Amino acid sequence: MLSPVSKRQKRWKPLLWLIPFLVFFSVFQLAPMGWVLINSFIYDGDISFENYSEVFDSSFMLQGFSNSLWLSLWSAVIGLVIATVLVSSLRRVDSKIREAVIAFTNMTSNFTGVPIAFAFIIILGINGAVTLLLKKYGLIDDFNLYGQWGLLVIYIYFQIPLAVLLLYPAFDGLNDDWQSAAALLGAKTWQYWLNVALPVLSPALLGTFIILVANAIGAYATAYALTSGNYNIITIRIASLVSGDLFLEPNLAAAISVLVMAILAFITCINQWLVARSYHAKR
Amino acid sequence: MQNANQSFHKTVVYSIVGLMMIPIIATFVYSIASSWGATILPDGFTLKWYVTLLSDERFLQAFGRSLFICFSTLALSVLLIMPVIFVVYYYFPKLDKFMNVLILLPFAVPPVVSSVGLLQLYADSDIQLVGTPWILMGTYFTIALPFMYRAISNSFASINLHDLMDAAHLLGASTPQAFLLVILPNLKKGLLASLFLSFSFLLGEFVFANMLVGTRYETLQIYLYNMRQTSGHFTSALVMTYFFFIFLLTWLATRFSRGAQS
């Protein structure tokens with residue numbers, strides 16, 4: 001017979017298996033996060049908000065924030081719209097095409113970072129094939145890939161596959177009979193979309209939107225590879241404060257990092273609030 | 001009406017996918033073009049860029065390093081994550097909620113932010129971490145975690161864990177034996193699918209590699225970045241070679257995940 005003590009020991013013994021996992025997770029995830037949180041409030045060895053006020057006083061830092069937000073919001077909105085159109089049409093074509101397209105998006109979802117920047121330099125750079133083509137037909141005068149519009153195009157490009165993969169399962173919730181029912185009751189296609197499909201899909205759309213925004217705010221490699229760190233977005237600011245050649249200010253970088261996480265948390269809260277008010281919650 | 005609709009949807013799908021393919025096709029054409037200056041179409045075709053690339057010692061080394069890091073990371077991740085999911089599902093199902101919050105952290109904290117803390121904490125540590133492949137394995141474990149945890153726990157949810165364990169116990173197996181010989185084979189396909197997908201996104205990781213290690217241990221992505229000043233044809237061949245591997249890994253992942261579903 002087991003004594004109560006050893007019985008209890010036996011019950012808790014499996015928890016020992018969690019230890020190696022927790023050690024690695026603490027060392028590589030929790031500890032760096034904790035360092036950032038704490039040191040963002042330390043300035044010259046004292047506890048203060050100096051790092052934060054330095055961020056808010058610097059128009060250069062604020063420009064980084066506004067550039068990052070501009071890029072991530074627009075790329076998320078446009079990427080989401082294109083992905084929604086693609087997925088809704090995808091469900092109406094035969095399964096062979098559908099599977100091929102899903103496999104293709106799976107593959108392109110890993111086509112990010114440095115390689116994608118290079119691919120876009122080839123097609124949309126100064127002597128890029130598409131740039132020349134569009135110039136020849138007079139559609140554009142000039143295109144600067146290395147500025148905000150070029151980055152926006154690339155960001156949209158890498159948002160689409162991610163949005164498709166996240167949205168595709170959600171469209172299963174859409175019953176085909178509803179469209180017929182709506183049509184029988186005299187609804188036009190756009191009325192069906194506006195009043196039936198989109199409300200049903202809204203939690204999935206909002207959730208996807210959040211992930212796209214977070215994905216774009218955190219993105220670093222593409223802009224870094226494209227402009228060698230010259231375009232002012234917030235992740236490039238953070239990186240240059242800890243690994244640049246001059247003026248290393250890790251505590252300032254920590255304060256910016258905390259603000260980035262706060263923005264992400266804020267957007268997530270709004271999203272949760274909207275989802276709670278949406279169609280599914282009312283049932 | 002139905003047919004008209006069909007062709008409308010087909011047009012939508014083809015045009016969006018077509019647009020998405022332009023960068024890939026253009027890179028491919030560029031990689032086999034002998035020269036392609038300020039013209040819309042290239043002048044001629046050649047395979048010399050691939051020959052140059054594949055005979056470049058530095059490329060092969062960088063590629064080898066990337067493969068080494070990815071394989072080790074995935075081995076480490078499986079060793080760390082598998083027992084945790086088993087323990088959570090078999091003994092403490094209530095912990096699943098807590099774990100689901102925990103695995104969101106790597107999503108919520110961008111790699112650049114983590115790097116800030118990692119650099120300060122481990123730059124001068126007694127055990128040399130920054131600048132070595134070991135720190136990359138640790139950080140790659142955290143970015144693979146949310147994805148692998150979800151995929152593996154989905155596989156766990158789809159098998160009758162308790163029935164299988166009870167049957168194995170009745171037949172005289174110890175718990176570790178039952179786990180290794182009964183449960184693991186049942187999870188194999190789901191696990192392999194998640195491993196191939198993780199492999200393909202780890203192969204593309206740039207931020208940690210650039211900030212924590214850089215040229216001290218040149219991985220594929222760092223090599224790619226350092227080659228940006230060389231011929232565009234050469235970098236295109238490099239991007240296409242990389243893309244081919246992504247294609248291969250995704251294909252394998254789809255094959256295994258389809259097998260897992262049926």
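**Note on chain B**

1. Chain B has twelve helices and zero strands. This is a predicted model. Read along the sequence, the pattern is α-α-α-α-α-α-α-α-α-α-α-α.

2. How spread out is chain B? Its radius of gyration is 23 Å, while the globule rule gives 18 Å for 262 residues; the value for chain B is well over that, so the chain is more spread out than a compact globule. Along the principal axes, the C-alpha trace of chain B spans about 75 × 70 × 35 Å.

3. Burial can be stated as a share of the chain. Of the 262 residues in chain B, 42% are buried. A residue counts as buried here if 20 or more other C-beta atoms lie within 10 Å of its own.

4. Contacts in chain B can be sorted by how far apart the partners are in sequence. Taking the contacts between residues at least 6 apart in sequence, 74% join residues at least 24 apart.

5. Which domains make up the division of chain B? Domain 1 covers 1-46 and domain 2 covers 56-261. Between the centres of domain 1 of chain B and domain 2 of chain B, taken over C-alpha atoms, there are 33 Å.

6. The two domains of chain B touch. Six residues from domain 1 of chain B and seven residues from domain 2 of chain B take part in the contact. On the side of domain 1 of chain B that touches domain 2 of chain B, four residues are nonpolar, two are polar and none is charged.

Key:
Residues numbered from 1 in each chain as written. Chains lettered and ligands numbered in written order. Predicted model: local features only at pLDDT ≥ 70, side-chain atom pairs only at ≥ 80, totals over all residues. Helix = DSSP H or I, 4+ residues; strand = E, 2+ residues; numbered from the N terminus. Rg over C-alpha atoms; globule rule 2.2 N^0.38 Å. Buried ≥ 20, exposed ≤ 12 C-beta atoms within 10 Å, placed from the backbone. Domains from an automatic or database assignment. Nonpolar A, V, L, I, M, F, W, Y, C, P; charged D, E, K, R; others polar.
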